[in-house]
Amino acid sequence: MSLCLSLMFICSWYYAIVAMGIATCIYKYIEFCGAEKEWGDGIRGISLSAARFALMRLEEGPPHTKNWRPQILVLVNMDAEQNVEQPRLLSLTNQLKAGKGLTIVGTSVQGTFLDSYTEAQRADQSLRKLMETEKVKGFSQVVVSSNIRDGTSHLIQVGGLGGLKHNTVMVSWPQNWKQPECYQQFRNFIEVVRETTIASLALLVPKNISSYPSNGERFTEGHIDMWWIVHDGGMLMLLPFLLRQHKVWRKCKLRIFTVAEMDDNSIQMKKDLITFLYHLRIDAAVEVVEMLDSDISAYTYEKTLVMEQRSQILKQMHLTKNEMEREIQSITDSSRGSIRRKNPPTLRPQQSTEEGTTLAEKPQHKSEAVSNLKQVRLIQSKNAATPTSPTSPTSPAVTLAGGAVTWRDSKGPDKGMTDSAATPEACKDPLSMKPNQMDLRRMHTAMRLNEVIIKKSKEAKLVLLNMPGPPKNRVGDENYMEFLEVLTDGLNRVLLVRGGGREVITIYS
C-alpha cells in the first residue's frame, strides 16, 4: 500500500488526491446504506487451505527418523469436581516438548453423552485452563463413555487427525494399585500398556509424579540417569536429550548405565556405546555394570511365595469389592504373632529346586515375610469352609540374557510349577506351597537390578528405565505390577519408557 501511494504521488499528485477522494466517497456511501459485509476472514480461509494441504502431504509416507518427535497424548484423570488429579503430568509434558510439536491432553467422563454433556464441558474447560497455566501448546479432548476403560481406549484410537496424530502416550503410574478400591484403576493401566503395544505407540509412565519439578523450579546440579537394558529404538536416549533443552533440567548431566553379564565383553561394550553417543552428539558419561550370577535369597523366595499365594487365594475366593475390603480389614486388625515354618530350599536361577539344601534367612526381612505369610494363612482360614479347586495361572517371566530384560509368557499353565503348588492340598496350607520357578527368577532379576540402580542412582534427579511389556495372559497382571514395583522401589523420580517398535534416532543422514 505504501509503495502504491508513493508511486501515485510521484506520477501525478493531483490525480492521486482525486482518486483517494473518489474512493472515500464510495466507502462512505456504502457505510451510509448499511450494506452487510459477509466476506468472512480471508486470513482464516488461507489458514484452512494451508492446513488441509499440510495434512494431505503428511499422508504421503512415513516420516524419516530424523524428523521423528514425540507427539504426546497425555491421559489424565479427573476428580468429582472435574479437576485434573495429576497436574504435574502437564508440567513434565511442557518440559519434554518445550512448547513444540503436537500435544493432546485427553480424559474420559463416565456416562452417556446426553446426560453428561455438561460435565464434559466443565472437564474440557478445566483442561484448557491447566494447559494455559502450564504453557502446554496443544489441544484438549474429552470423551464421554459408559466406562472409563472404553473412553481411554477411544482416545488412544482416534486422537489426532490424519498424519497429525500422537505417536506417544503418557499415563501416570497408579500409586495405590494394591488397595481394593483402586483395583479397576490398575486394570485400566495394564490395558493401556497392552493397547499402546498393539498400536506400536511409545509409552511413558512417570512414577511418583507429584515429586516431579514444576516449570518454575531449577536444578542447579545433579544427574539424569538412563539405565539402558534393552534397545528400544533410541527412545531412552532421546528423552533426556529433549529434557535438557528445558531450563528446569538444563544444568543436569547425563549418565548412561548398561548391564552386562559374565560372558559379555564390558570393555568393548563401553567403547561401542561411547562411539555411538559421539556420532549422536550426545554428551553423557558411560558406565557398564556387571551383574554376576548369584543364589536366590530367602527373602526373594518368600516374597515370591507370598505374592503368588495372595494372587491365587483372592481369585479362588471370588470376593466382591466390599467383601474384599472386609477381609483385608480383618487381617489388619488381627494380632501379629510369630509362626514357625521350615526354611525354603536353595534355588539358583538356572536350575530347579535342590532337595536337602537350605537357605540362610535374612534377619532384617524375616519379620516382614512372617507377617505376610500369616496374612495369607488368615485369608485361607476364612475361606476354608468353601474350598475351590485352584488354578495354575500362566505367569510371565523376566529373564536377564545378554544384558536385555524381556518379559514373556510361560508355554503352558503348569510350566515351572511344582507338584505341591498344583494340588488342592497345597493350597490348604500356604506354608507347603512352592513358588513358580519363572516367577522366582523374575523376582530375583528385578530385586538385583533394583539393588544396583539404588547403589548407582540413589541421588539422581531422574532415573529412566526400560519398561517390560505386559503378560499376554491377564492372569499375571497382579504379578506384573508387583515386579515393576520391586524394580523401581526406593527411587524418587522414575520414568518408565517403552518404545514404539521403530527407530527414533540415527547416526546416518
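Trainee: Where is Arg281 found?
Mentor: In this predicted model, Arg281 sits in the loop between α9 and β8.

Trainee: What is phi of Arg281 near?
Mentor: Near 60°, which is a positive value in a residue other than glycine.

Trainee: And is Arg281 buried or exposed?
Mentor: Exposed, at 71% relative accessibility. The cut-off for that class is over 50%.

Trainee: Which other residue has a positive phi without being glycine?
Mentor: Lys135 is one, with phi near 60°. Lys135 belongs to the loop between α5 and β3, and its relative accessibility of 62% makes it exposed.

Trainee: What about α2 itself, how far apart are its end C-alpha atoms?
Mentor: They are 31 Å apart. Helix α2 covers residues 13-33, and at 1.5 Å a residue its 21 residues should span 30 Å, so the two values agree.

Trainee: Let's step back. How many helices and strands does the protein chain have?
Mentor: The chain has 15 helices and twelve strands. Of its 509 residues, 46% are buried. For contacts between residues at least 6 apart in sequence, 79% join residues at least 24 apart.

Trainee: In what order do the strands of the sheet run?
Mentor: The order is β3-β2-β1-β4-β5-β12-β11-β6-β7-β8, ten strands in an open sheet with mixed pairing. At the edges are β3 (139-145) and β8 (284-290), each of which pairs on one side only. From one strand to the next the twist averages 20°.

Trainee: What does helix α9 touch when it packs on the sheet?
Mentor: Helix α9 (residues 266-280) touches β6 (223-228), β7 (253-260) and β8. The direction of α9 makes about 155° with that of β8.

Trainee: Which residues of β4 are buried?
Mentor: Thr168 and Met170 on one side, Val169 and Val171 on the other. Both faces of strand β4 (residues 168-171) are therefore covered.

Trainee: How many bridges join β1 to β4?
Mentor: Four, and strand β1 (residues 72-75) runs parallel to β4. Ile72 is the residue opposite Thr168.

Trainee: And how many join β4 to β5?
Mentor: Three, again with the strands parallel. Strand β5 covers residues 202-207, and its Leu203 stands opposite Val169. With helix α7 (residues 183-198), β4 and β5 make a right-handed β-α-β unit.

Trainee: What about β11, how many bridges join it to β12?
Mentor: Four bridges join β11 (residues 462-466) to β12 (residues 494-498), and the two run parallel. Val463 stands opposite Val494 there.

Trainee: Changing topic: how many salt bridges does the count come to?
Mentor: Seven salt bridges. In general, side chains of opposite charge can pair when their charged atoms come close.

Trainee: Which residue does Arg128 meet in a salt bridge?
Mentor: Asp124, at 2.9 Å from N to O. Both residues lie in helix α5 (residues 117-133), four residues apart, about one turn of the helix.

Trainee: What does Asp225 form a salt bridge with?
Mentor: With Arg255, the closest N and O atoms being 2.8 Å apart. Asp225 is in strand β6 and Arg255 in strand β7, so this pair links distant parts of the chain, 30 residues apart. Asp225 is buried, with a relative accessible area of 0%.

Trainee: And which residue pairs with Glu287 in a salt bridge?
Mentor: Lys456, with the closest N and O atoms 2.7 Å apart. Glu287 lies in strand β8 and Lys456 in helix α14 (residues 437-457), so the pair ties together parts 169 residues apart in sequence. Glu287 is partly exposed at 29% relative accessibility, and Lys456 is partly exposed at 31%.

Conventions
Residues numbered from 1 in each chain as written. Predicted model: local features only at pLDDT ≥ 70, side-chain atom pairs only at ≥ 80, totals over all residues. Heavy atoms only, no water. Pairing = 2+ DSSP bridges. Axes fitted to C-alpha atoms, helices over the stretch in contact; angles between N-to-C directions. Contact = heavy atoms within 4.5 Å. Salt bridge = Lys/Arg side-chain N within 4 Å of Asp/Glu carboxyl O. Buried < 20%, exposed > 50% of the residue type's maximum accessible area, 1.4 Å probe, protein only. Right-handed = clockwise from strand over helix to strand, strands pointing away. Expected span 1.5 Å × (residues − 1).
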